[in-house]
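This report walks through one part of a structure for a reader who has not seen it before. Please keep the sequence and the 3D view at hand while reading.

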Amino acid sequence: MEIFKYMKEYDYEQLVLCQDEQSGLKAIIAIHDTTLGPALGGTRMWTYASEEDAIEDALRLAKGMTYKNAAAGLNLGGGKTVIIGDPKKDKNEELFRAFGRYIQGLNGRYITAEDVGTTVQDMDLIHEETDYVTGISPAFGSSGNPSPVTAYGVYRGMKAAAKEGFGSDSLEGKTIAVQGVGNVAYKLCRHLHEEGAKLIVTDINKEAVQRAVEEFGAEAVEPDEIYGVECDIYAPCALGATINDETIPQIKAKVIAGAANNQLKETRHGDILHEKGVVYTPDYVINAGGVINVADELHGYNKERAMKRVETIYDNLARVFEISRRDNIPTYKAADRMAEERIERMRKSRSQFLQNGQHILSRK
C-alpha cells in the first residue's frame, strides 16, 4: 500500500513504528484524528501475514475509534495499536514496558487500553512506564471488568431501538433472539429478563446456553436456527458479519440491536435492512459502554458518573434514527454522519477561536 496516499485519503494524522530489538517489540501506533481530544484506542497483539497487513489493520481500527468515540459523545479522538506477534508465545515484561515508553514519548496524544490478544496484566506492565493507559487493574484505580457496563449500554440502546421500531421503549413481552451468551450477552439477558422479555438464545458453548435457560427461562435453539426464529428483536452478540446475504432473508425481527462488532458483513447489507424497514442499531454506537467506561478512568474512575454517561447511548441512538429519517439514509450511514458532524463542529469552533486570537494579537 502507498502509506502517505492512504493517510491523505482518509485524513490520518500520524503513524508511529516502534521496535525494540531486545524484547522483540514490533508495534504500530496509528492516530487518526485528535480534533475532539487525545486519541484513545486499544492495543491488539496478533500474528499478521505481513507488516503491510498490520499497518493497514492499525489504520482501519484507528479510524473506527474516531467514529466510536465521537458518536459516544467523548472528548477523545481515535487511535489504535497493533503489536506484531503471537500473544500466546511472544509476550514478555520488557516488550510491554518498551511499548509503554513509546506511548509516554507521545506525551498524551495517544492513550491505550486492552484489546484482542492483550490483557489487564499487559496494561499493568505498560502502566509501569506511562500513565496514558486505561483498563489496568482495579488496584491502580481502574474500573475492572467492562462487560457489565457494556451490557447495560446495549440494553439502553435496545430500548431506544424498540422506541423507533415499535413506538414504545418497553421490552416487556417482547421476544428477543440473542446470538451468543458470553460475558456481555449473559448480563444483557439478565436486564432483558428483569424487564419481562422472552428470550431465545444460542451459543456454541452449551453450558452458557443451559445457564440462560435455567436462570432466565430462555428457549434454546441451535446456532444456525437463531436467524429464522419468530422474534421482535434479533441481538447479535457473538461473531461479526452475521448480517449477510444468507441470514437477511431469514431474519423476521423488526429490530436488530446487539453487542457484536462489525455486524454487517458488507455495508450494502445495511442498505438492504433500510429498504426492508428493519431498525438496525449501528454496532459502534450501541456497544460503546466499554469505551465510555474506560474513558472515565482518565478523570479518576467514578462508577456512578460512568454509568450515567453510558445511559446516553439511548439518546445517541435516538439521534442516529433522527438523522436516518431526516436524510433518508441507512442508520449505519447516519451514525457516521452524526460523528462527522460533531467533529466538524469542533473543528470549526477551534478554527474560529484561533482566528479571533490572531485578530486580537494583530490589534495590540
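## Val-184 and its helix

Val-184 has its place in helix α6, and the model in which this is seen is a predicted one. Leaving aside residues up to four places away in sequence, Val-184 touches Ser-147, Thr-150, Ala-151 and Ala-259.

## How α5 and α6 pack

Helix α6, which covers residues 183-195, packs with helix α5, which covers residues 147-166, at an angle of about 50°, and their axes lie 8 Å apart. The two helices are therefore oblique to each other, and α5 passes α6 in a right-handed crossing.

On the α5 side, the residues that meet α6 are Ser-147, Pro-148, Thr-150, Ala-151, Tyr-152, Val-154, Tyr-155, Met-158 and Lys-159, while α6 contributes Asn-183, Val-184, Lys-187, Leu-188, His-191, Leu-192 and Glu-195. The residues of this contact divide into nine nonpolar, four polar and three charged.

## The annotated binding site

An unreviewed UniProt entry places the feature "binding site" at Gly-180, Val-181, Gly-182, Asn-183, Val-184 and Ala-185. Among these annotated positions, Asn-183 and Val-184 also belong to the α6 residues that meet α5.

Val-181, another of the positions in that record, is found in the loop between β7 (175-179) and α6. Val-181 counts as buried because its relative accessibility is 3%, which lies under the 20% cut-off. Not counting residues up to four places away in sequence, Val-181 touches Tyr-186, Val-201, Thr-202, Asp-203, Ala-208 and Ala-212.

Definitions and conventions. Residues are numbered from 1 along each chain as its sequence is written. This is a predicted model: local features need pLDDT of at least 70, side-chain atom pairs count only at pLDDT 80 or more; totals for chains, interfaces and linings use all residues. Side-chain values use heavy atoms; hydrogens and water are left out. Axes are lines fitted to C-alpha atoms, for helices over the stretch in contact, and angles run from 0 to 180 degrees between N-to-C directions. Helices (H or I, at least four residues) and strands (E, at least two) are DSSP runs, numbered from the N terminus. Angles under 35 degrees count as roughly parallel, over 145 as roughly antiparallel, 65 to 115 as roughly perpendicular and the rest as oblique. A crossing is left-handed if the near helix is turned anticlockwise from the far one by less than a right angle, and right-handed if clockwise. Contact means heavy atoms within 4.5 Å. Ala, Val, Leu, Ile, Met, Phe, Trp, Tyr, Cys and Pro count as nonpolar, Asp, Glu, Lys and Arg as charged, and the others, Gly among them, as polar. UniProt positions are given in the numbering used here, feature names are shortened, and annotations may be inferred rather than shown by experiment. Buried means under 20% relative accessible area, exposed over 50%, partly exposed in between (1.4 Å probe, protein chains only).
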